[in-house]
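Keep the structure open while you read.

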Amino acid sequence: MQKYVDYVNPGLAKLMSFAGYGVEDHAEGCYIYDHSGRRFLDCLGGYGVFSLGHRNPKVVEAAKKALDNMPLSSKVFFGQAYADLAEKLAQIVPGMQFTFMCNSGTEAVEGALKAAKMFDHRPKVISTVGGFHGKSMGSLSATGKDKYREPFYPLIPQFDFVPFNDVDALNAAVDDHTAAVIVEPVQGEGGIHVPNLGYLPKVKEICQKHAALLILDEVQTGFGRTGKMFGMEHSGVTADIVTLAKSLGGGVVPAGAFMGTPEVWERAFGENPILHTSTFGGNPLACSVALVMIEVTEEEGLVENSRVVGEHLIAGLRAIQKEFPEMIAGVRGVGLMIGVEFAMDDIGELCIASMVKRDVVAAYTLNNPRVIRFEPPLIMTADQADTVVEVFRESVEETSELLAAVLG
Ligand code: PLP
């Protein structure tokens, strides 16, 4: 921990120590073990990375095989794993045909924005207030949180923001100069906001009216997180470009991707196939792992488990909201993408510390610290969800008593 203070990021070290975190040592399934051997139930899932839990054996086996064979690409030959993964993604991501592999969510968004600009050379992009798309300069231009943006002004010009789930505001913002609208099917870091079912179809309609592209950012919602394989499937809307990352790497390696329709690919990369490139993107290690991650998700019924255990967990959390209405303003979510909104600032942080004390890992959403997120591995059982609810109840009670003592 001292080395974090001395050599990594002193402020971050302080935050992590406040929350009660020690040094992570190893992990398996839904559990993380720290340096002292203490076991924590992982209810954060690495911000959506650990959909299969930690070190799924089939994924680890695929990674080991790639390590023994050829983990990184020569970048001159065709790659079997890249081809197989791209084919599989085209089969399961609605409306998408072509895949560009990269290494993270922010890179996926960078590529998506570049493809959208190449499509028709239009200047404007519309995003949503509270939307999170990454923190590199292009994706940050689309991230709707001033705190992260302002220190880096000027960002890419002509990015505008409208409230999420507000059709009229979007209608007023999109015009014939709009290259793309970028939106998450469920807003994650903004505080887990599930839109009305009619929202995405309207977004698509508005895009089509102005021949603007729709970019759906499925970096967090993809691969079963919301109780459907992809968040867009709740409303049946397809996009022109889709971004993927987080759980794509099976919880074992970093991986990201953006996908597009044949028309997008032709217009973006038809003339110059090396207009957008990545040294590490498409490496056999990440691609073979991603393919196995999808197979495991399908074979083990994890999308359905996400839906069922998610409903169970939401019901448990709502019961606690009823018990502590002065502390909890709302419980919302879909599948195992769940947020609890507190009634006041700073309660979330206290509550997280209290949960960690009781061996459950949680965190707040990046763009909305009032919201604690519950995004456990999709392999979580109903019994484990009950443990989470019990621990959360004790933590809310403890935080409420603490506040009463401080505020009088
Ligand atoms: N897009 C969404 C919807 C995200 O939730 C995130 C990260 O939380 C990103 C993009 C950025 O991903 P990364 O942190 O891998 O760059």
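## Ground rules

Buried means under 20% relative accessible area, exposed over 50%, and partly exposed in between (1.4 Å probe, protein chains only). This is a predicted model, where local features need pLDDT of at least 70 and side-chain atom pairs count only at pLDDT 80 or more, while totals for chains, interfaces and linings use all residues. Residues are numbered from 1 along each chain as its sequence is written, and side-chain values use heavy atoms, with hydrogens and water left out.

## Salt bridges

A salt bridge here is a side-chain nitrogen of Lys or Arg within 4 Å of a carboxyl oxygen of Asp or Glu. By that rule the count is 22. Take R373 and E375: their closest N and O atoms are 3.0 Å apart. R373 is buried at 0% relative accessibility, and E375 is buried at 0% too.

D120 and R122 also pair up, with 3.1 Å between the closest N and O atoms. D120 is partly exposed at 35%, whereas R122 is buried at 13%. Both belong to a salt-bridge network that includes E263 and R267. Then there's E300 with K58, at 3.7 Å between the closest N and O atoms. E300 sits in the loop between α12 (284-299) and α13 (302-323) and K58 in helix α4 (residues 57-69), so this pair ties together parts 242 residues apart in sequence. E300 is partly exposed at 39%, and K58 is partly exposed at 41%. Helices (H or I, at least four residues) and strands (E, at least two) are DSSP runs, numbered from the N terminus.

Strand β5 (residues 124-128) is largely enclosed by the rest of the structure, because 5 of its 5 residues are buried. K124, I126 and T128 point one way, V125 and S127 the other.

Two strands pair if DSSP finds at least two bridges between them. β5 runs parallel to β7 (residues 178-183), joined by 3 bridges, and I126 has V181 as its bridge partner there. β5 also pairs in the parallel sense with β6 (residues 159-162), over 4 bridges, where S127 stands opposite F161.

## Around the ligand

Which residues surround the ligand? Going by heavy atoms within 4 Å, they are S104, G105, T106, F132, H133, G134, E184, E189, D217, V219, Q220 and K246.

Some polar contacts (N or O atoms within 3.5 Å of each other) stand out for a look. Polar backbone atoms of G105 and T106 each lie 2.8 Å from a ligand oxygen. A polar side-chain atom of K246 is 2.9 Å from an oxygen of the ligand. Taken alone the ligand exposes 390 Å², and the protein buries 83% of that. Accessible areas come from the Shrake-Rupley method with a 1.4 Å probe; for residues, only the protein chains shown count as cover.

## A nonpolar patch outside

Y4, Y7, V8, L12, L15 and M16 make a nonpolar surface patch with about 590 Å² of accessible area together. α1 (2-8) and α2 (10-19) are the elements giving two or more residues to this patch. Patches take residues with over 30% relative accessible area and no salt bridge, joining like charges within 9 Å and nonpolar side chains (Val, Leu, Ile, Met, Phe, Trp, Tyr) within 5 Å. Y7, in helix α1, is exposed at 67%.

Key: Polar contact = N/O pair within 3.5 Å; in protein donor to acceptor, adjacent residues only side chain to side chain.
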